[in-house]
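Dear colleague,

I am handing over the structure below, followed by a short account of what was found in it. Please read the notes with the model open beside you.

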Amino acid sequence: MAHIVKDAGLAALVALGVGAPLLGLKTEAAGRGLTLVPRPGLLLAAVAAVFLGRLLFCLFLAGREAKAGRAVEALPRIGPSPLARVGRMVAPVLLALALFLPLLPGVGRYEIDLGTLVLTYVMLGWGLNIVVGLAGLLDLGYVAFYAVGAYGYALMAKFLDLSFWAALPLTGLIAAAWGILLGFPVLRLRGDYLAIVTLAFGEIIRVVLLNWTTLTGGPNGMSGIPRPTFFGLPFSMAGGEGTFAGFFGIEPSPLHRIVFLYYLILVLALITNLVTLRLRRHPIGRAWEALREDEIAARALGLSVVAVKLTAFATGAMFGGFAGAFFATRQGFISPESFTFIESALILAIVVLGGMGSQLGVAIAATLMIGGFEVFRGLDEYRMLVFGLAMVAIMVWRPRGLVASREPSVSLGTQRAIAAEHVAEGRG
């Protein structure tokens, strides 16, 4: 019991040191300057909450250790989570909600815009999940491919006069080529060294976009990016023949383009999910999982680690490029400030919190993280504090993510069933 109280006391001291300048002091206007006003009550309440929370948590762990044994408790929990067991029911519900969101009563432009933003990060999370979750390659510069897709479409629309639909596949191919370009220097790297190189790659792309003013506009960005059309029908408020509203005989509304963009990113995200699921059962997907589990064993089995890593980087980068092209056409304006390291960290946090390798977990994590910013917007400066505490809590209680799923796509039982079917067919 003494060590538990000591541990809770240390946690309270850390909270006191960290919270003293953040919660214990408040700036207020005094004449022409500012003055610091102490808030000891709030600080002591926070320290007491940390002490009590840590004490209860340690008591809970002590009870579990006494019941199950310290040796067993020290092992990592790798069992499937409750969300994984009901995934087959949760996924259709989320899909139905996404399909009918613009049609629900009380849903306006704000909700649709928020849904579009969430789906964009879901698509980015699924793309990065190929590299991090399936292949086990830590990538801290994924936002670079997002930027390549956005600027690639903007430049092709400006200099080649290509429409969104014509430029979309090209942006994916360009981003995949950059993924291969990144893959070659990191073939012999792993772990922290791989993360450092990918982080540097993302920063190189951002700095180039920031300084190549003659091509990218530099810090001023690029504006006037063309909007997508509905099979050649533009969304114009003027109406008339040749427009979306005129063709269908309806009143022009700015909501038409908003809903179209929502369904466009929904289709792109679903394509990303479908391709990923199919690749996981393809030999290349099994090779990614083998590389993730043990690179040395994968080499011993005769796998070409070079090809496996390059395909993982190229595939993940391709979907990042698609998302970047959509971002550019949705915003109509892009600048290097939209592609900072914070974006890469946010996408990586979505993958890790959702559960590396889990498509459903990534979708849930993106919804909670991106939507959570809006839910807690009314808390002002406490929003990030609450959000950070929530992330820490998830990592404490679910260290493998919300939906822990690292089982191989094709298990031994499945292989035996397939072999039994072939034997039965041969006998028949």
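**The core and its surroundings**

In this predicted model, the largest nonpolar core holds 83 residues, of which L128, L137, Y153, I334 and F339 touch the most other members. The largest share of this core comes from helix α6 (residues 109-134), which contributes 13 residues. If residues up to four places away in sequence are not counted, L128 touches G133, D139, Y142, I347, L348 and V351.

The mean pLDDT of the protein is 81, and 82% of its residues reach 70 or more. Confidence is highest in helix α7 (residues 143-159), at a mean of 94, whereas helix α3 (residues 70-73) has the lowest, at 46.

**Aromatic pairs**

A search of the whole structure finds 17 aromatic pairs, and two of them that involve helix α7 are described here. In the pair of F145 and F201, the ring centres are 5.7 Å apart and the planes stand at 40°, so this pair counts as tilted, given that tilted covers the angles between under 30 degrees for stacked and over 60 for edge-to-face. This pair links distant parts of the chain, since F145 lies in helix α7 and F201 in helix α9 (residues 192-211), 56 residues apart. Both F145 and F201 are buried.

The other pair, formed by Y146 and F339, is edge-to-face, with 5.5 Å from centre to centre and 80° between the planes. Here too distant parts of the chain are linked: Y146 belongs to helix α7, while F339 sits in the loop between β4 (333-334) and α16 (341-354), 193 residues apart. Y146 is buried, with a relative accessible area of 3%, and F339 is also buried, at 2%. F339 is, as noted above, among the core residues that touch the most other members.

Elsewhere in the list of aromatic residues, F230, F235, F244, F248 and F260 form one aromatic cluster.

**A buried glutamate**

Finally, E295 is placed in helix α14 (residues 295-300). Its relative accessible area is 11%, and because buried means under 20%, E295 counts as buried. Leaving aside neighbours within four places in sequence, E295 is in contact with R190, A290, V305 and K309.

With kind regards

Methods: Residues are numbered from 1 along each chain as its sequence is written. This is a predicted model: local features need pLDDT of at least 70, side-chain atom pairs count only at pLDDT 80 or more; totals for chains, interfaces and linings use all residues. Side-chain values use heavy atoms; hydrogens and water are left out. pLDDT is the predictor's confidence in each residue, from 0 to 100. Helices (H or I, at least four residues) and strands (E, at least two) are DSSP runs, numbered from the N terminus. A nonpolar core is a set of buried Ala, Val, Leu, Ile, Met, Phe, Trp, Tyr and Cys residues joined through side-chain atoms within 4.5 Å. Buried means under 20% relative accessible area, exposed over 50%, partly exposed in between (1.4 Å probe, protein chains only). Contact means heavy atoms within 4.5 Å. Rings of Phe, Tyr and Trp (its six-membered ring) pair if their centres lie within 6.5 Å; planes under 30 degrees apart count as stacked, over 60 as edge-to-face and the rest as tilted.
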